[in-house]
Amino acid sequence: PPVVGEGRAGSRAGRACELDPSDGQVANSYGWMLLQSGRPGDSVAPLEKAKELLPNVAYVRNNLGVAY
């Protein structure tokens, strides 16, 4: 996954997604970090994954909507 900015938080969030691709909270957090760092195109894939894993969580759907 792409690295968010220059910070360690983005690198660690991307790595967490790699280590546990079944964790929707991690995917959502990573997608949101990408979105907030000005990379909406890169944020869509992790946010789509989060929506797939957490289909009934409203803020996940909201974050994806913001990315689009």
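Visitor: At what angle do helix α2 and helix α4 pack?
Guide: Helix α2 (residues 24–36) and helix α4 (residues 58–67) pack at about 30°, and their axes are 10 Å apart. That makes α2 roughly parallel to α4, a label for angles under 35 degrees. An axis here is a line fitted to C-alpha atoms over the stretch in contact, with angles from 0 to 180 degrees between N-to-C directions.

Visitor: Is this an experimental or a predicted model?
Guide: This is a predicted model, where local features need pLDDT of at least 70, side-chain atom pairs count only at pLDDT 80 or more, and totals for chains, interfaces and linings use all residues. Residues are numbered from 1 along each chain as its sequence is written, and side-chain values use heavy atoms, leaving out hydrogens and water.

Visitor: Back to the pair. Which residues make the contact?
Guide: On the α2 side, Q25, N28, W32 and L35; on the α4 side, Y59, V60, N63, V66 and A67. Contact means heavy atoms within 4.5 Å.

Visitor: How do those divide into nonpolar, polar and charged?
Guide: Six are nonpolar, three are polar and none is charged.

Visitor: Which residues of α4 are buried?
Guide: V60, N63, L64 and A67 are. Buried means under 20% relative accessible area, exposed is over 50%, and partly exposed is in between, using a 1.4 Å probe and protein chains only.

Visitor: Where do they sit around the axis?
Guide: They cover an arc of only 100°, so they are on the same side of α4. The arc is taken from the directions from the helix axis to the C-beta atoms.

Visitor: And what do they pack against?
Guide: The buried residues of α4 pack against α2 and α3 (40–53).

Visitor: Let's pick N28. Buried or exposed?
Guide: N28, in helix α2, counts as buried, at 5% relative accessibility. Setting aside neighbours within four places in sequence, N28 is in contact with P46, L47, A50, Y59, V60 and N63.

Visitor: What about A45, buried or exposed?
Guide: A45, found in helix α3, is exposed, with a relative accessible area of 55%. The C-alpha atoms of A45 and L64 are separated by 9.3 Å, and the two residues are 19 residues apart along the chain.

Visitor: Zooming out, how many helices and strands are there?
Guide: The protein has four helices and zero strands. These are DSSP runs numbered from the N terminus: helices are H or I with at least four residues, strands E with at least two.

Visitor: And what share of the protein is buried?
Guide: Buried residues make up 32% of the 68 residues.

Key. Angles under 35 degrees count as roughly parallel, over 145 as roughly antiparallel, 65 to 115 as roughly perpendicular and the rest as oblique. Ala, Val, Leu, Ile, Met, Phe, Trp, Tyr, Cys and Pro count as nonpolar, Asp, Glu, Lys and Arg as charged, and the others, Gly among them, as polar.
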